[in-house]
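Here is a friendly briefing to read alongside the model.

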Amino acid sequence: MVSQNPIFIPGPTNIPDAVRHAIDVPMEDMRAPDFPAFTLPLFADVRKVLATRTGEVFLIPGSGTLGWEGAIANTLCPGDRVLTCRLGQFSTLWSTMCERFGLEVVNVDVEWGHAIPADRFARILADDTGHRIKAVLACHNETATGVTSDIAAVRAALDACDHPALLFVDGVSSIASIDFRMDAWGVDVAVAGSQKGFMLPAGLAIVGVSQKAMACGKTATLPRYTTDFAAMQAANAGGYFPYTPATNLMRGLRCSLDLLLAEGLPNVYARHHRMAQGVRRAVAAWGLSLCAADPATASDTVSAICVPTGVDPAAVVRAAYEHWGLSLGVGLAKVADRVFRIGHLGATTELMILSGIAGAELALRDAGARIELGSGVAAAQAWYEQSRPAAARAAAAE
Ligand SMILES: *Cc1c(COP(=O)(O)O)cnc(C)c1O
C-alpha cells in the first residue's frame, strides 16, 4: 500500500503539510467587507518574492501558461515584432504562443542545453535602430533542459543600445527558488505559477507587471478579457477581483509566503543551490552528464540528466514509478530520447533528495544502466555533510 508518492518532477512540487492544511478551509465570501484585510497584505508579500516595489502583482486563476498570455495580450498589437530565444520546450511554446497571437516573432535558436546568448540579443537589438522590436521574451529557467539564463545580461543588452522594448521573463520554475529581481533587472512582466517554487497546487498564475507595461495597456489592441491587467488592477486596489478568485489557493499562498519569508529569500535560494549541488554530485558519481552544456548555467531547481547510450530515459521514469513509487520527470520534445529529469525545487530536505537519488539509481539499473548502487547517494551525502550551514555544523560538533 502506497499512500505517499514523493515527487521529484519539476512541478507540481511537494506541498508542505502546513500549506495543505491552510488550503483546507471553508469557502469564503470574496466580496466580504473584511476580505481586503486578507488580500492586500497578500499582494504586498508577493511583491517581496518578485523583488518589486513599484510593479503590480496579479493572481489569476489558471496555470502559468495563462501568465504568458497575459504578458502578450495586455501590452502588444497584432503584427508587433518580438524577440525570443528558443532554448528548450517552454521557451519554444511561449514563442509559438506569440505566433498564434499574430505577432512577428524573431527567434534566436540555440542547441538545447545552452543558455540565452545575451550577446546575440545585444547585436539584434543594436541593429534594430527603428525600434521595431516591442518586446524581448526570456525564459529564466528552462525546465526542459535544466538551464538557468542570465536575465541581468539580457537587461544589459537592452540598455547598451537604449532599446525601449519591454522585457518579459518566464520565471515559472525559478521564482521563489532561484534569485529573481524584477525591479533590478527591469523586468516588465514576470510570470510565475503556484505549483513550483510556491509549493501549492496548480491553479494560480502569479504575474508581476511594471508600470511601463501597465501603460502599454492603453494602446495595446490585442484582445484580452480573462487576463485584463487593467481590470484586475482596478479591482485589486480595493482588495477585490473582477471575477471569482481562487480563495483556497490564496489561503495556501498566504501560508507559503509566510514560510518563504520566515526562512528568508536568500536562505531559500541558498537551500535550493545546496540541494541541487547534491544531485549534481550524484550525477557525476554515476558517470553521467547534465543536459546543461555549461556547469555554470546548471539549474538549481531541476536537473536534466543524459542517460547512457542504449538506455531509454522513458524506461527509467517508468521503472521509477512502477517499481519504486517515485515520480521523476520525463524528457520533453527534442530531448525526450536523451534525458530524464529530477526536480529539486520547493519543499525539500536533504533526506528527501537522497531518497530521490536512491530511487533514480534503482530505476536507472532497471532500465539497463550500469550504475553502482549507492554511488550517487554517497556522493550527495558527502556534499550535504560538508556543506551544512554553520549553525547545524556547530550543533553536530557539540
Ligand atoms: C511549468 C512551466 C511553465 C508552464 O506552466 P503551467 O503552470 O504548466 O502552465 C512555463 N514555463 C516554465 C519554465 C515552466 O517550468
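**Ligand site and domain interface**

In this predicted model, an N or O atom in the side chain of Gln195 sits 2.7 Å from an oxygen atom of the ligand. The chain itself is split into domain 1 (17-261) and domain 2 (264-397), with bounds that come from an automatic or database domain assignment.

A word on conventions: residues are numbered from 1 along each chain as its sequence is written. As the model is predicted, local features need pLDDT of at least 70 and side-chain atom pairs count only at pLDDT 80 or more, while totals for chains, interfaces and linings use all residues; side-chain values use heavy atoms, with hydrogens and water left out.

**Around the ligand**

- The ligand is surrounded by 13 residues, each having a heavy atom within 4 Å of it; Ser63, Thr65, Thr143, Asp170 and Lys196 are the closest.
- Thr65 places a polar side-chain atom 2.5 Å from a ligand oxygen atom.
- Gly64 takes part through its backbone, with an N or O atom 2.8 Å from an oxygen atom of the ligand.

**Between the domains**

- The centres of domain 1 and domain 2, taken over C-alpha atoms, are 28 Å apart.
- Contact (heavy atoms within 4.5 Å) links 26 residues of domain 1 with 23 residues of domain 2.
- The two domains bury about 2000 Å² between them, 63% of it on carbon and sulfur atoms; this is the accessible area (1.4 Å probe) that the two parts lose on being put together, summed over both.
- Trp112, Ser177 and Leu260 supply 27% of the area that domain 1 buries against domain 2, more than any other three residues.
- Which charged pairings turn up here? The count of salt bridges between domain 1 and domain 2 is zero, taking a side-chain nitrogen of Lys or Arg within 4 Å of a carboxyl oxygen of Asp or Glu as the rule.
- By class, the side of domain 1 that touches domain 2 holds twelve nonpolar, eleven polar and three charged residues, with Gly counted as polar.

**Backbone details**

- The peptide bond from Gly11 to Pro12 is cis, with omega near 0 degrees.
- Pro12 belongs to the loop between strand 1 (7-8) and helix 1 (17-23); helices (H or I, at least four residues) and strands (E, at least two) are DSSP runs numbered from the N terminus.
- Ala51 is not a glycine, yet its phi is positive at about 60 degrees.
- Ala51 lies in the loop between helix 2 and strand 2 (56-61).

How values were computed. A polar contact is a pair of N or O atoms within 3.5 Å; within protein, one must be able to donate a hydrogen and the other to accept it, and residues adjacent in sequence count only if both atoms are side-chain atoms.
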